[in-house]
Amino acid sequence: FFLPPSSPSSSPPLSPVSLLPADRTLEGWIGRSKADSIEQSRKSVSAHVARMVGGTTTPTNKPFEIVRHSQPYGTVTGESGLFFIGYAASPANFEYMLDRMVGSQGDGVCDDIMRLSSCVSGSYWYFPSNQQLRLLATS
């Protein structure tokens, strides 16, 4: 579970930790328990976990998967945030998840995580496989 990052001066300010809603509300927005990060068996359609896996019940067959790594940074009184890196076999995996976060999948439902965070930058990188590198070297 995480706390929201404070935003850089170029972005609108986010709620300070002292103004966050009750834990039960946060758990509903995320779709996991705060104490042990266990996925809720039933989630609202706007819960972050439900938006990412494509369903409100557990278990759900995930249409797309990514490997995620994140690292919080900063101080309590200064700038802070979360470095996030995701790896996938195709950009389609990220497009699906990002579209679900902002409500662009036809249902118009935005991810509740958007109540807590603000993306300030992002990029895509392509890393060819060993086989693709060999093909490039021989052509």
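These legends walk through several close-up views of one predicted model.

**Figure 1. The whole chain at a glance.** The protein chain has 4 helices and 2 strands, taken from DSSP runs (helices are H or I with at least four residues, strands are E with at least two, numbered from the N terminus). From the N terminus on, the order is α-α-β-β-α-α. Of its 139 residues, 25% count as buried; buried means under 20% relative accessible area, exposed means over 50%, and partly exposed lies in between (1.4 Å probe, protein chains only). The chain exposes about 9,800 Å², with carbon and sulfur atoms supplying 57% of that area, as found by the Shrake-Rupley method with a 1.4 Å probe, where for residues only the protein chains shown count as cover. Residues are numbered from 1 along each chain as its sequence is written. Local features need pLDDT of at least 70, side-chain atom pairs count only at pLDDT 80 or more, totals for chains, interfaces and linings use all residues, and side-chain values use heavy atoms, with hydrogens and water left out.

**Figure 2. How confident is the predictor, and where should you take care?** The predictor's confidence in each residue is called pLDDT and runs from 0 to 100. Its mean for the protein chain is 82, and 86% of the residues reach 70 or more. Over residues 1-12, pLDDT stays under 50, and the model has 31 contacts for this stretch beyond four places in sequence; a contact means heavy atoms within 4.5 Å. Where pLDDT is low, the predicted coordinates should not be read in detail.

**Figure 3. A salt bridge between K34 and D23.** The structure holds 5 salt bridges, each a side-chain nitrogen of Lys or Arg within 4 Å of a carboxyl oxygen of Asp or Glu. In one of them, the side chains of K34 and D23 meet at 3.1 Å, N to O. K34 lies in the loop between α1 (23-30) and α2 (48-53) and D23 in helix α1, so this pair ties together parts 11 residues apart in sequence. K34 counts as partly exposed at 32% relative accessibility, and D23 counts as partly exposed at 41%.

Figure 4. R51 sits in helix α2 and is buried, with a relative accessible area of 1%. Which residue does the side chain of R51 meet in a salt bridge? The partner is D107, at 2.8 Å, N to O. D107 belongs to the loop between α3 (91-102) and α4 (130-138), 56 residues from R51. At 39% relative accessibility, D107 counts as partly exposed. Leaving aside neighbours within four places in sequence, R51 also contacts residues including V45, Y96 and D111.

**Figure 5. R115 and D112 side by side.** The side chains of R115 and D112 form a salt bridge of 3.0 Å, N to O. R115 is exposed, with a relative accessible area of 51%, whereas D112 is buried, with 5%. Elsewhere, salt bridges that share partners join R51, R100 and D107 into one network.

**Figure 6. Inside the largest nonpolar core.** A nonpolar core is a set of buried Ala, Val, Leu, Ile, Met, Phe, Trp, Tyr and Cys residues joined through side-chain atoms within 4.5 Å. The largest one has 12 residues, among them L20, W29, M52, F94 and Y96. Both α1 and α3 give two or more residues to this core, and α3 provides the largest share, 4 residues. Not counting residues up to four places away in sequence, Y96 touches R51, M52, V53, G54, P63, F64 and Q105. In soluble globular proteins, nonpolar side chains tend to be buried together.
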